[in-house]
Structure formats: C-alpha cells, structure tokens
Amino acid sequence: MTNASAAERRYQSGFGNEYATEAVPGALPQGRNSPQRAPFDLYPELISGTAFTAPRHENRRTWVYRRQPSVVAGRYKPYTQLLWKTGADREIALPPEPMRWGPIPLDNADVDVIDGMRTLAANGDADAQAGLAAHVYVASKSMNRRAFVNADGEMLFVPQQGRLEITTEMGVLDVKPGEIALLPRGVVFKVDLPEGLSRGYVCENYGAQFRLPELGPIGSNGLANARDFQAPVAAYEDATVAYELVKKFGGRFWSAPTKHSPFNVVAWHGNLSPVKYDTAHFMTIGSISFDHPDPSIFTVLTSPSDTPGTANCDFVIFPPRWLVMEDTFRPPWYHRNLMSEFMGLVYGEYDAKPGGFKPGGASLHNCMVPHGPDEEAFEKASHSDLKPQKLDNTLAFMFESRLRFIPSGYAMQSPVLDQNYADCWAGLTDNFKP
Ligand SMILES: O=C(O)Cc1cc(O)ccc1O
Ligand SMILES: [Fe+2]
C-alpha cells in the first residue's frame, strides 16, 4: 500500500486540522472513537501530542485504527548512537564568538539517517521540555526494516541533498530539498533514500510544538498559509513484516525487535499528524520603502516558550525574494541579539556572506555575539546601484532560540570548523571622515 511513486502520492491539505483518512473504506468508526468492536476488528489507539487538558487551540491528538496495538513489541535493549546528543553540554567551554562550519563532509555515509545523525549544537533539556538540537544527517542507506520513534521531541527535517521518502504511522511523505517535513514527537517513522547519498538538517524540538506564527497586522493571509501544508493519507503494510524499532527516550537510544510492521494503521483521524511543506509556497513579505526589516517576517513555524514573543524556537527561512528598498543598506545590519541563531544553507548564496557560507554548512551566532555582513557583502551593498534586485536561487534558514546553543564535541573538533571565521570582518576598517 505504500509503494506509490512520489508523483502519485496523495495528501490531505492543512496544518493542525481534524484530518480523517481510511485506506480501506469503512475502516474509520463513525460517531465514536472507541466502539466495542472497531470496523474490521482493528485496534483503536490514541496518540496524544499534548496533555489531555491543553487549551483547545493547542490540543493535538489522533486516533489510529491498527492491525495490532503498538504495545505489541519485543523488549528494548540499549542501542549505540554516539554522535546524536541531547540538550546543552555544560562541559564544553564555548568561546563567546561567531562560529561557522564548512559543508558537513559526505563521508562515513554508509549508514541510514538514524545512524548518520550528528548533533552540531543543542540547548535546553529534553526532560524539561525546553530547547532544541540542531543536527545534520549524512546517509546513503534506506532504513528499510528499521523504524524510529523519538519520545524527546518533534523532528523538523530540512533536506539539503537527496529526496526523502518518509513512511510514518499516518502514511507516507515524499520530501525533496526546498521542502520540509515536521514529524510529531512519539510518531513512528522511517526514512528511505531513493537517491542514495543524502544530507540535511534536523531541528529536534524538545519544547512546545511548532505552529504557524500569529500574523498581526499582516492579516489573515501570508507567510506560510495553512492550506499549503500536506498531511499523509492512511497507508498500511503487510502485517507479517518484522522490524527493528529504535527509540530515543531521555537522550538514550534503545532497540526492540517487532514481529509486525509498525506501519499497520488502516485508518486514522485527528489533528496530530506529520506534515510536509514546500518553501516555494512561502508568501514572502519585505520592505517596499526603506530599511531592512527584522527577519521575524520570514518565520515559517514557531515553538513558543512561556515568555510571550520569546520563542523556544523559530524556524525562519531566507527564500528567493526581491529587494527594492531605497537609500538602504539592503543586507542584514550589524547586530547582536538576545536570541541565538543557528543557520544553515540548502542551496545558493546567502546575501550577508556571499562567498563564505556554503550549502551543507552551518553558522552559529549566540546570544549577544556580534555579527553581520562580511567585508565583501558590505562593500557591494554600500556602493551598488539600488535598482530592484532579485535574490534568486537561494534558500538559507535559521533555528532561532531564546536559549544559547552549545556546539557538540563533534562540531568543536570537526575539521570543517572555520578557525578563521572572524577574518571575514577584519577588513571593516575605520572610515570615519568628519
Ligand atoms: O545574522 C543573520 O544573518 C540572520 C539575520 C538576518 C537578517 O535579515 C536580520 C537579522 C539576522 O540576525
Ligand atoms: Fe543575526
């Protein structure tokens, strides 16, 4: 049931709606969630992504109707994944400086996405349900008969190279670079790689679930529109296929054998679902007069903290767009912020660092660490003719957090850590001419 090609794949439209889907007509109970005997003798199972008593507008749960309940599995044994870290590592002495990494090398990729995940930076604490980790995966193998479930957070995939075929309990998502996929905490999935060697970024969010940002004076349309998110339709496999189920739970990894496929959901309804989104559908807003606006106008999804307006994580993109501002230094200004910024580049060039920031690389500008355009960007933007200019063929993004990101040991020791990053600003001389 899951072997449709990417072009044939069907989806349901919307973000956080009450989706309803059945792979076999009549499999969804009507008028109640848990009848004495469900249609076709399926097992009803509830997956709640928020506390039962979360406010209605935040409450997320889904009913799945499956061939066997999830509790039917083998015993878990410890599993080794040494490069996937959880929460802030207090042992790392983090210099209060800008940091940058070249493209994460595509070697040691003879693994699947789970074994190929490596943490670049993390903050907060999964048990405190606060913070996030920024990972990069480098992999060339499909997971095939391995499935994964993360109890520590939801996972936002930002593929940079190679398509992903993500099979989940709720159905299948095909995701290509330029698109993103958001997989809820606790929902079982596997990632197959139809194009082989692949690389991408992942935000593992331990905090409140990502949602669409408020639009304020922008109004009722714009930025990421809810209808452009796509949830899967129900799809189930042959029940007799054995799987290895790998689980991340409190920062540790575990593995259990299962005699049946975890992808055995014949029908489901509810508002907790994996979704994908094509960033080409982002309705980008910018200044049509003067000045460089705050990048919050590029927020696709936000995970709020308990301080209003001060996110646990904002997922922000820098998509292709027009620059038309008059008498304005058009790239980002020089700045230092309360919020900490982890950036990645899916393709093209980023206007503040035209040569220096490479697709598949990363940068980190933590709380109150000064940064801004490099010398090349400053020179160009200070002297260029300010005709309307299209920034095309570019997609950078930012995981922005109220909590400081601590790079992992892997990232601190990586040969692609740029030891000379600060040199890109060294030529910004004193030009004061009173
Ligand atoms: O530092 C960066 O490149 C990200 C960023 C972009 C922008 O347009 C304004 C502020 C900001 O932090
Ligand atoms: Fe910044």
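**Close-up views: core and domain contact**

**View 1. Surroundings of Phe 315.** Phe 315 touches Leu 156, Cys 203, Phe 210, Val 300, Leu 301, Phe 397 and Phe 399, leaving aside residues up to four places away in sequence. Two residues touch when their C-beta atoms, placed from the backbone, lie within 7 Å. This is a predicted model: local features need pLDDT of at least 70, side-chain atom pairs count only at pLDDT 80 or more, and totals for chains, interfaces and linings use all residues. Residues are numbered from 1 along each chain as its sequence is written, and chains are lettered from A and ligands numbered from 1 in the order in which they are written.

**View 2. The largest nonpolar core.** This core has 104 residues. Ala 134, Leu 156, Phe 315 and Phe 397 have the most contacts inside it. Strand S8 (residues 132-139) gives the largest share, seven residues. Domain 1 (11-97 + 108-279) and domain 2 (282-419) each contribute at least three residues. A nonpolar core is a set of buried Ala, Val, Leu, Ile, Met, Phe, Trp, Tyr and Cys residues joined through C-beta atoms within 7 Å; buried means 20 or more other C-beta atoms within 10 Å of a residue's own.

**View 3. Domain 1 against domain 2.** The domain bounds come from an automatic or database domain assignment. The domain centres, taken over C-alpha atoms, are 27 Å apart. The contact takes 42 residues from domain 1 and 38 residues from domain 2.

**View 4. The side of domain 1 that touches domain 2.** Strands S7 (117-122), S8, S10 (154-161) and S15 (198-205) each supply at least two residues. Strands are DSSP runs (E, at least two residues), numbered from the N terminus. S7 gives the largest share, five residues.

Terms used
Buried ≥ 20, exposed ≤ 12 C-beta atoms within 10 Å, placed from the backbone. Helix = DSSP H or I, 4+ residues; strand = E, 2+ residues; numbered from the N terminus.
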